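Dear colleague,

My notes on its packing, its sheet and its aromatic rings follow.

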Amino acid sequence: MNITADAVKQLRERTGAGMMECKSALTEANGDYEEATIILRKRGLASAAKKAGRSAHEGLVGNRLSADNSVGTLVEVNCESDFVARTPDFKKLVQDVLTEINAAGDAANDAWLKDPNGSVQKLLASAIAKLGENMGVPRFVRYAGGRYVGQYIHMGGKIGVQVEFAGVTPAVSAREEFQTLVKEIAMQIAAASPTSAAYVSRDAVPAAVLEKERSIYRAQMENSGKPANVIDKIVEGKLGSFYSQFVLPDQESIRDKTMTVKDVIAAANETLGASVSVTRFARLKVGETTS
């Protein structure tokens, strides 16, 4: 049958595939758009399989917030080159992936993300076929616990931070002082190294992690000749250094080195007349999870 240029154009707009690929698929499908789309997807999946072994260290962290800040999503989408990461097509892919995650809601998990027949993998297959690079979505974070969610995107999308706050009333959330606090805490987390600020409080540090640290400190004091009770005090003192690196409230503020993050939050609460606290946070940096 005769395949018109308009028909090819419509299929290209629908699938993102090239003009010749669209014409070939429509010819094979006898002009049936649905069948042609399936054919292109199958070819896209084959194309994706060929590129799967290629390293994808570049990309973007995408973000989305609900209007009331109660639901927030971060997602890392990888590709092979920074050039492709900056294209409109790749940026649209990131937004499309965010849409799928939010549409799935609580059903969105790692198994759902990696499902070869799932919506995210189909989006990737189509983008791989169009842009010619290997791509992946290694991880995402979605908070939907009804508390206030703040976000911060750094370096044009190379780092994304999401922070959840408790004790935030509508009146507090509208205050400029609170918005400043949200940005400051998020920037604090963005500035951390991948392993720093891993815990939201001292109580959140697993007992096994603390015991491992204590054993290291005790080993350092093994031949010191000091009494056991003195060594115990020294060990607990050394834990303070651990907390100041790995526990967010104990960290030195990036804005004011005379204050800790805990001090910053306390000062903001005094100004706001509130009891705001950080309940959880996430930091995604492009390429950290790829090999």
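Leaving aside neighbours within four places in sequence, valine 163 is in contact with Tyr148, Val149, Gly150, Ile185, Ala186, Ile189, Val278, Arg280 and Phe281. Please bear in mind that these contacts, like everything below, come from a predicted model.

Val163 is also among the residues with the most contacts inside the largest nonpolar core, together with Val161, Phe165, Phe178, Leu181, Ile185 and Val278. That core has 26 residues. Strand 4 (148–154), strand 5 (159–166), helix 9 (176–191), helix 12 (261–272) and strand 6 (277–285) each supply at least two residues of this core. Helix 9 gives the largest share, seven residues. A second, separate core has 21 residues, including Leu60, Val75, Ala85 and Leu113. As general background, nonpolar side chains in soluble globular proteins tend to be buried together.

Turning to the sheet, three strands form an open arrangement in the order 1-2-3, with antiparallel pairing. Strand 1 (58–65) and strand 3 are the edge strands, each pairing on one side only. From one strand to the next, the twist averages 10°. Helix 5 (residues 88–104) packs on this sheet and touches strand 1, strand 2 and strand 3. The direction of helix 5 makes about 140° with that of strand 2.

The pairing may be followed strand by strand. Strand 1 and strand 2 run antiparallel and are joined by eight bridges. They form a hairpin with six residues between them, and asparagine 69 in the turn has a positive phi of about 60°. Strand 2 (residues 72–79) also pairs with strand 3 in the antiparallel sense, over six bridges. Threonine 73 in strand 2 stands opposite arginine 64, and threonine 73 likewise stands opposite arginine 142 in strand 3. Glycine 72 has tyrosine 143 of strand 3 as its bridge partner.

How many residues of strand 2 are buried? Eight of its eight residues are buried. In a regular strand the side chains alternate between the two faces of the sheet. Both faces of strand 2 are covered: Gly72, Leu74, Glu76 and Asn78 are buried on one side, and Thr73, Val75, Val77 and Cys79 on the other.

The aromatic residues deserve a separate note. A search of the whole structure finds five aromatic pairs. Phenylalanine 140 counts as buried because its relative accessibility is 17%, under the 20% cut-off.

Why is the pair of phenylalanine 242 and tyrosine 243 edge-to-face? The ring centres are 6.0 Å apart and the planes stand at 65°, and planes over 60 degrees apart count as edge-to-face. Both residues are buried, phenylalanine 242 with a relative accessible area of 6% and tyrosine 243 with 10%.

Tyr148, Phe165 and Phe178 form one aromatic cluster. Finally, arginine 280 lies over the face of tyrosine 143, at 4.0 Å from the ring centre.

With kind regards

How values were computed:
Residues numbered from 1 in each chain as written. Predicted model: local features only at pLDDT ≥ 70, side-chain atom pairs only at ≥ 80, totals over all residues. Heavy atoms only, no water. Phe/Tyr/Trp six-rings, centres within 6.5 Å; stacked < 30°, edge-to-face > 60°. Buried < 20%, exposed > 50% of the residue type's maximum accessible area, 1.4 Å probe, protein only. Lys NZ or Arg CZ within 6 Å of the ring centre and 35° of its normal. Pairing = 2+ DSSP bridges. Helix = DSSP H or I, 4+ residues; strand = E, 2+ residues; numbered from the N terminus. Axes fitted to C-alpha atoms, helices over the stretch in contact; angles between N-to-C directions. Contact = heavy atoms within 4.5 Å. Core = buried A, V, L, I, M, F, W, Y, C linked by side-chain atoms within 4.5 Å.
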